[in-house]
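Subject: Structure handover

Hello,

Here is the structure you will be taking over. My notes on it follow below.

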Amino acid sequence: MYDEAVMVVRGDINCDGYLNVTDYMAALNHALELEEIEDEVSFMAADVEEDELINVTDYLKILDYTLENIDTLN
């Protein structure tokens, strides 16, 4: 039996190491109930507000970070 550790990068929904249009569109589509983020790690990355919901607030923070309007998602 092996233990597993996972590092979640806030906002990196598709876990490719970059925050970009793919990530904020995934958050938006989930918030608008067009696509569900089912993967637990991706869900945790998308939930930047850490309130167990992915909504427009999470999307806007990811978008602002991607556009360099803010310099952290903390």
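Leaving aside neighbours within four places in sequence, Asp47 is in contact with Glu52, Leu53, Ile54 and Asp58, where contact means heavy atoms within 4.5 Å.

Some background before the rest. This is a predicted model, in which local features need pLDDT of at least 70 and side-chain atom pairs count only at pLDDT 80 or more, while totals for chains, interfaces and linings use all residues. Residues are numbered from 1 along each chain as its sequence is written, and side-chain values use heavy atoms, with hydrogens and water left out.

Asp47 sits in the loop between helix H2 (40-46) and helix H3 (56-66); helices are DSSP runs of H or I, at least four residues, numbered from the N terminus. Asp47 is buried but has no salt bridge. Buried means under 20% relative accessible area with a 1.4 Å probe, protein chains only, and a salt bridge is a side-chain nitrogen of Lys or Arg within 4 Å of a carboxyl oxygen of Asp or Glu. The nearest side chain of opposite charge to Asp47 is Arg10, 8.6 Å away; Lys and Arg count as positive and Asp and Glu as negative, with His and the chain ends not counted. The side chain of Asp47 does reach the backbone nitrogen of Glu52, at 2.7 Å.

Next, helix H1, residues 21-31. Its buried residues are Asp23, Tyr24, Ala27, Leu28, Asn29 and His30, and what covers them includes H2 and H3. Asn20 caps the N-terminal end of H1, with a side-chain oxygen 3.1 Å from the backbone nitrogen of Thr22. After H1 comes Glu33, whose phi is positive, near 60 degrees.

In H3, the buried residues are Asp58, Tyr59, Ile62 and Leu63. They lie on the same side of H3, because they cover an arc of only 130 degrees around the axis, taken from the directions from the helix axis to the C-beta atoms. These buried residues pack against H1 and H2. At the start of H3, a side-chain oxygen of Asn55 reaches to within 3.1 Å of the backbone nitrogen of Thr57. Just after H3, Glu68 has a positive phi of about 65 degrees.

Finally, the structure holds 1 aromatic pair (ring centres within 6.5 Å; planes over 60 degrees apart count as edge-to-face, under 30 as stacked and the rest as tilted). Tyr24 and Tyr59 form this edge-to-face pair, 6.2 Å centre to centre with 65 degrees between the planes. Tyr24 lies in helix H1 and Tyr59 in helix H3, so the pair ties together parts that are 35 residues apart in sequence. Both tyrosines, Tyr24 and Tyr59, are buried.

Regards

Note on methods: Helices (H or I, at least four residues) and strands (E, at least two) are DSSP runs, numbered from the N terminus. Buried means under 20% relative accessible area, exposed over 50%, partly exposed in between (1.4 Å probe, protein chains only). A polar contact is a pair of N or O atoms within 3.5 Å; within protein, one must be able to donate a hydrogen and the other to accept it, and residues adjacent in sequence count only if both atoms are side-chain atoms. Rings of Phe, Tyr and Trp (its six-membered ring) pair if their centres lie within 6.5 Å; planes under 30 degrees apart count as stacked, over 60 as edge-to-face and the rest as tilted.
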